[in-house]
Amino acid sequence: MRKLVQTLPGIDHPTRQQNSPLGKDKSHESAVRQVSGQARYVDDMPEPANIGYVALGTSECAAGKIESIDLDAVRNSDGVIDVITIHDIPGHTDIAPVFDGDPVLAENDILFYGQPVYAVLANTTEQARSAAAKGVITVSDGSPTLTVDDALAKQSFVRPTHVIGNESAIETVSGAAHQLSGSLFVGGQEHMYLEGQVSMAIPEEEDRMMIYTSSQHPSEVQKLVAEVLGTKLHRVTVDMRRMGGGFGGKESQAAQWACIAAVLAQRNGLAVKCRLPRSLDMSVTGKRHPFENSWRIGFDENGMIQGADITVNGNCGYSADLSDAIVDRAMFHVDNGYFLGDSHVVGHRLKTSYVSHTAYRGFGGPQGMIVAEAMMDGIARKLGEDPLTIRKRNLYGETTGNTTPYGMDVGFNLLPDMISKLEASADFWQRRETITAFNKSSPIIKKGLAMTPVKFGISFTAKHLNQAGALIHIYTDGSIQVNHGGTEMGQGLHTKIAQIAAHEFGVDTADIEVTSTRTDKVPNTSPTAASSGTDLNGKAVQNACITLKERLIEFWAAECGVSSDGAKFENYQLTIGEHTIDFPALIQAAYLGRISLSSTGYYRTPKIYYDRETGTGRPFFYFAYGVAASEVSIDTLTGEYKVEKVDILHDVGASLNPAIDVGQIEGGFIQGMGWLTSEELKWDDHGRLTSNNMATYKIPAIGDTPAEMNVSLYRRPNDEDSIYHSKAVGEPPFMLAISVWCALKDAIASLDDYQTDPYLPTPATPEKVLDAVMAMQAKSGSNAA
Amino acid sequence: MVRFLLNNEPVELQVNDPNMTVLRFLRERQRKTGTKEGCAAGDCGACTVVVASPSDEGNSLSYTTINSCIALLSSLQGKQLITVEDLADKQALHPVQASMVEHHGSQCGFCTPGFVMSAFALYHTASNPQREDVVDALSGNLCRCTGYRPIIDATLSACADKTDDKFDAQQSQTLEKLATLAQQSTPAVNAKLLMPATRVALKAAIAANPDAPLVAGSTDLALEITQKNIQFECLISLSQMAALKTISSDDQGIHIGAAVPLSQAMETLIQFYPSLKELFTRFASLPVRNQATLGGNVANASPIGDTPPLLLALNAQIIVDDGNAERMIAAKDFFLGYRKTALKAGEWINRITFPLPVANQHLAAYKISKRMEDDISAVLAVFNVVIEDGVVSKVSTGFGGVAATPIHCAPLEQALINQNWQDAACKTTGKQILTDAFSPIDDVRATAAYRKQVLGNLWHRFWLENQANNAIETRVVTHA
């Protein structure tokens with residue numbers, strides 16, 4: 001095998017090469033089409049002439065046995081073509097992603113309020129929706145489990161409890177100089193992708209099925225559609241060009257709508273579209289898991305943690321879905337960037353009568369990480385230190401300790417240096433003084449400031465998912481088509497992939513076309529999730545490029561009669577020694593020379609493993625880091641607040657595309673801010689979601705973006721051999737928003753001269769802030785002007 | 001028959017389905033799928049389109065955004081409908097589009113067409129807009145990916161370097177085409193979607209279709225269609241009722257036609273009462289304000305509508321008409337129960353008359369909600385106090401979100417008369433009375449306890465802000 005010139009980090013780092021597209025602020029590959037309305041989403045695709053539309057009939061209680069379903073009025077409604085219940089599913093009826101328990105339509109029992117029970121197919125969407133409202137579902141009285149406490153009392157779990165660390169930690173805590181215990185309710189979060197769930201199924205010859213879907217996991221949709229149809233996977237093809245947002249909400253929970261569409265399409269021999277109206281989408285799909293966490297820690301006079309006993313309770317809803325891994329990830333992140341000493345972490349996966357909660361950016365990590373920051377605030381207030389001082393003291397490091405509760409060596413922790421740089425650039429300590437002085441003189445408005453770090457583990461914790469495939473074709477004009485297993489949901493994956501392929505071949509990204517994700521091009525793909533899209537698929541694409549390059553070099557070296565040493569693709573040319581050929585000419589010559597111009601590529605992440613029995617291992621290939629400082633003002637009369645200024649320093653390794661990375665950081669931060677502030681999920685006493693539309697569930701609007709938001713990249717190549725030594729960026733910045741929550745607490749704490757750590761459950765709506773303010777005023781005896 | 005310009009092409013539509021929204025017309029009938037459905041409720045802006053209509057003088061076009069998902073076809077009569085597909089000039093992107101690309105303003109791209117349209121309208125309505133103008137113009141557009149910063153930058157940048165675009169270049173032709181449309185007699189009456197243009201015709205339309213709802217901006221009525229799947233047999237649109245769209249003022253007060261869009265009504269009211277800017281900036285979003293009407297908000301009589309408390313506190317008069325005679329109803333006599341008003345069958349609201357400001361008047365309208373932009377009030381409080389020589393001489397109030405109807409607080413009004421405004425007793429008495437005045441409910445927006453507490457605290461804020469020489473900061477956000 002001839003050797004290619006390898007690009008290595010350091011002086012010759014590819015992101016610093018002048019003509020390479022790597023490291024450049026390339027626009028999103030679809031940007032022009034997006035701004036001109038030409039970018040097509042599933043609902044925008046031209047429809048086949050024969051098409052029907054789906055609406056769903058749903059339960060109006062959270063638990064009970066289905067006694068009867070009267071669908072006569074539904075069937076007799078205008079324009080109805082077909083109505084199905086679970087008994088009409090020809091194949092498997094359980095579409096659960098990992099463990100059993102997710103019926104495609106309700107079977108014997110109602111599992112949550114709003115569970116789909118039947119599906120109606122009609123000539124128009126309006127007819128289908130109108131008909132769907134006419135069914136009568138009779139359900140016997142059931143007793144829903146609507147609180148975590150109730151579920152704990154009933155020992156109602158979707159998966160067994162997992163434990164990390166040692167029980168000895170409990171004694172270590174008691175033996176420390178100081179103890180502190182606390183608990184925190186952490187709210188869930190609606191994904192609120194702007195494009196709701198949608199799939200279109202088009203029946204093909206015999207039992208073959210074509211699916212267009214808005215899904216982060218086309219391979220799983222393919223598998224589940226094949227299973228519900230009772231056919232094999234090779235007869236089902238899934239095509240996914242782009243999603244209008246995913247955020248985890250379309251990882252496991254996009255499949256149901258594709259399955260229902262496919263069954264109806266097959267039964268009726270016509271194309272079927274299943275698109276959920278917003279309020280239904282919000283009621284029938286899972287959310288970020290609400291958590292109820294508690295902890296007890298022991299620490300010394302300096303606030304250094306000696307031991308920690310932490311319990312996280314994930315409210316999983318009615319089924320396991322992805323909850324096992326989500327609660328694992330919450331457990332893996334209760335330390336955030338801090339050495340906890342002797343630690344014991346328990347994670348319960350509670351089964352409740354809610355929709356099955358699912359993946360959401362951070363995947364349980366945020367709900368775990370906020371515990372670490374709550375503990376830091378608690379120590380600081382108890383010792384009368386600034387929380388940042390306590391945070392710095394407890395960071396992982398050679399002197400503090402560098403092993404996580406699950407036995408992984410953190411390696412070189414970037415946080416000490418990053419915090420120190422952000423302290424300087426954000427002028428943290430000067431502002432700290434200014435704010436403290438301001439609060440003394442301002443009776444109504446109080447300001448708060450907090451800096452919090454993020455250390456986030458990168459890799460799927462389900463080891464087998466850490467693999468990816470790619471398929472590359474070079475056509476005879478020198479243009480290149482790239483396909484890979486990742487999906488585009490706005491994060492810029494295809495843009496980065498095009499940059500990678502363009503860099504490898506020394507061409508411009510204009511000559512790289514990244515096509516829709518298709519199960520007939522790259523099989524058995526993993527979901528685009530866990531921030532891994534570029535890490536996995538980028539490497540697979542690079543490997544496919546390398547295979548093709550090796551073929552081309554070998555061919556051209558032979559043609560020239562020279563050794564292939566030192567061959568390189570640059571500036572649309574292949575150069576071997578003194579021989580140079582233009583890329584299109586090379587491709588044409590190779591074609592005539594009968595060289596295959598198509599190749600697959602494959603990648604699996606090295607080094608990772610985890611032993612569930614002992615709760616130890618290296619579940620992550622590496623960590624991504626970030627630090628944020630947020631300043632807020634609160635109104636102690638109303639609880640209203642404003643995030644005034646945010647400074648962020650974030651680690652993406654050697655950035656493949658700084659503009660896209662900054663976009664992920666800012667967008668993740670604001671989404672995280674929404675999770676912790678205005679986005680409040682409310683269910684009533686019957687388990688019905690009442691915050692079920694955009695009028696009642698408030699994601700951040702444009703005015704919520706801080707007027708001053710400074711984002712910088714920490715420019716240091718990844719120590720691990722990731723794609724060009726970049727780092728994953730999808731999820732980690734989300735948790736930078738914990739600084740907003742801590743800043744709100746800081747402002748509230750000013751009411752008691754920073755002696756008490758306020759209890760502020762999330763989301764910290766104005767109402768919750770006012771509650772905390774009043775509790776603090778009652779404690780300190782202070783009152784507003 | 002509805003006649004309008006679809007970009008540059010005249011369209012004549014026989015409306016057989018009065019429930020057809022502009023969004024469905026675009027996506028399903030025209031197969032123009034650039035405009036997206038995000039919520040079908042006017043809450044996300046993915047469906048934002050621009051309608052251009054001749055200015056009052058008729059020599060230029062004014063561009064306004066609306067949410068096409070809750071707009072009915074009647075709203076297009078005589079106007080030019082512009083969608084995201086229409087902006088580019090052949091291959092050249094419009095400046096607002098190019099700027100969005102350049103500033104990395106799109107990620108998943110689903111909200112992008114809506115943002116582009118809002119930015120396009122701003123491009124045509126504001127010269128050298130500032131950040132707060134951009135925030136206001138884009139307040140009805142939600143983005144879940146970017147965090148908005150690049151969108152703000154893109155809009156600022158595009159509008160700062162404004163040059164004439166193809167719409168400016170085509171302005172006179174467009175005006176001519178619209179004039180031609182307008183001359184094609186009055187819109188022919190359709191059996192399902194009636195668009196009367198005169199008092200007589202409106203009266204006849206109501207008489208012939210007593211069960212047909214009157215619809216003006218449709219921002220609330222359309223929710224019945226898109227969210228509850230109700231199919232109306234017949235609707236009577238007020239969009240052509242010129243007589244309901246007038247604004248005037250005289251020594252009797254400020255008269256605002258019932259079908260005047262809220263954005264125009266508010267502009268006028270702010271001239272007289274500058275302190276209302278805060279409320280009107282936070283009232284829904286700009287596209288909704290462009291579409292919704294003052295009369296609609298009042299006739300709806302929702303306990304969480306944002307203008308009824310203002311009418312109560314300002315002692316506004318509601319002038320209703322049945323086609324034979326007008327009658328005047330004081331705001332305090334108008335709201336009878338949950339969504340129940342003093343309007344009789346066959347009556348409609350003609351206009352609302354607000355009194356002129358008086359000397360030494362202190363007026364504030366405070367809105368409390370989870371989110372500053374485009375949210376429904378958990379509590380709305382309007383305080384209107386006259387202080388003469390340091391003594392309270394007149395108090396009137398209006399509240400939303402605390403009872404089944406918009407409501408005022410008589411005990412507060414009585415307790416404060418003749419009190420010395422400076423006295424802390426004014427603050428504490430008012431706080432006490434308001435905290436206990438109503439029995440609000442727990443709902444998705446807030447608990448009853450929070451509503452009560454905040455109502456009292458808002459009085460505290462009002463008292464403080466209206467003290468002479470107050471130096472204490474009271475706001476986290478100011479709407480100058």
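This is a predicted model: local features need pLDDT of at least 70, side-chain atom pairs count only at pLDDT 80 or more; totals for chains, interfaces and linings use all residues.
Me: What are the confidence values of the two chains and of the model as a whole?
Reply: On the pLDDT scale (the predictor's confidence in each residue, from 0 to 100), chain A averages 96, with 97% of its residues scoring at least 70, and chain B has a mean of 96, with 99% of its residues reaching 70 or more. The model scores ipTM 0.97 and pTM 0.97. In chain A, residues 1–16 stay under 50, and for this stretch the model has 32 contacts beyond four places in sequence; two residues are in contact if their C-beta atoms, placed from the backbone, lie within 7 Å.

Me: Why is H16(B) called roughly antiparallel to H17(B)?
Reply: Helices here are DSSP runs (H or I, at least four residues; strands are E, at least two), numbered from the N terminus, and axes are lines fitted to C-alpha atoms, for helices over the stretch in contact, with angles running from 0 to 180 degrees between N-to-C directions. Helix H16 (residues 424–437) and helix H17 (residues 448–465) of chain B pack at about 155°, with their axes 8 Å apart. Angles under 35 degrees count as roughly parallel, over 145 as roughly antiparallel, 65 to 115 as roughly perpendicular and the rest as oblique, and therefore H16(B) is roughly antiparallel to H17(B). The contact includes B:Leu434 of H16(B) and B:Trp459 and B:Trp463 of H17(B). Its residues divide into five nonpolar, five polar and three charged, where Ala, Val, Leu, Ile, Met, Phe, Trp, Tyr, Cys and Pro count as nonpolar, Asp, Glu, Lys and Arg as charged, and the others, Gly among them, as polar.

Me: What makes H2(B) oblique to H5(B)?
Reply: The axes of helix H2 (residues 95–102) and helix H5 (residues 149–160) of chain B come within 8 Å and cross at roughly 140°, an angle that makes H2(B) oblique to H5(B). H2(B) passes H5(B) in a right-handed crossing, a crossing being right-handed if the near helix is turned clockwise from the far one by less than a right angle, and left-handed if anticlockwise. Among the contact residues are B:Val96 and B:Met100 of H2(B) and B:Ala154 and B:Ala158 of H5(B), and the whole set divides into five nonpolar, three polar and no charged.

Me: Why is H15(A) described as roughly perpendicular to H16(A)?
Reply: Helix H15 (residues 533–560) and helix H16 (residues 583–592) of chain A pack at about 85°, with their axes 10 Å apart, and this angle makes H15(A) roughly perpendicular to H16(A). A:Leu552, A:Phe555, A:Trp556 and A:Glu559 of H15(A) meet A:Leu586, A:Ala589 and A:Ala590 of H16(A), a set of six nonpolar, no polar and one charged.

Me: Which helix gives the most to the side of chain A that touches chain B?
Reply: The contact takes 72 residues from chain A and 66 residues from chain B. H17(A) gives the most to the chain A side, with seven residues, and the residues of that side divide into 31 nonpolar, 27 polar and 14 charged.

Me: What makes the backbone at A:Pro763 and B:His104 worth a remark?
Reply: Most residues other than glycine have a negative phi, and most peptide bonds are trans. A cis peptide bond joins A:Thr762 and A:Pro763, with omega about 0°, and A:Pro763 is found in the loop between helix H18 (738–749) and H19 of chain A. B:His104, a residue other than glycine, has a positive phi near 60°, and B:His104 is found in the loop between H2 and helix H3 (112–125) of chain B.

Methods: Residues are numbered from 1 along each chain as its sequence is written. Chains are lettered from A and ligands numbered from 1 in the order in which they are written.
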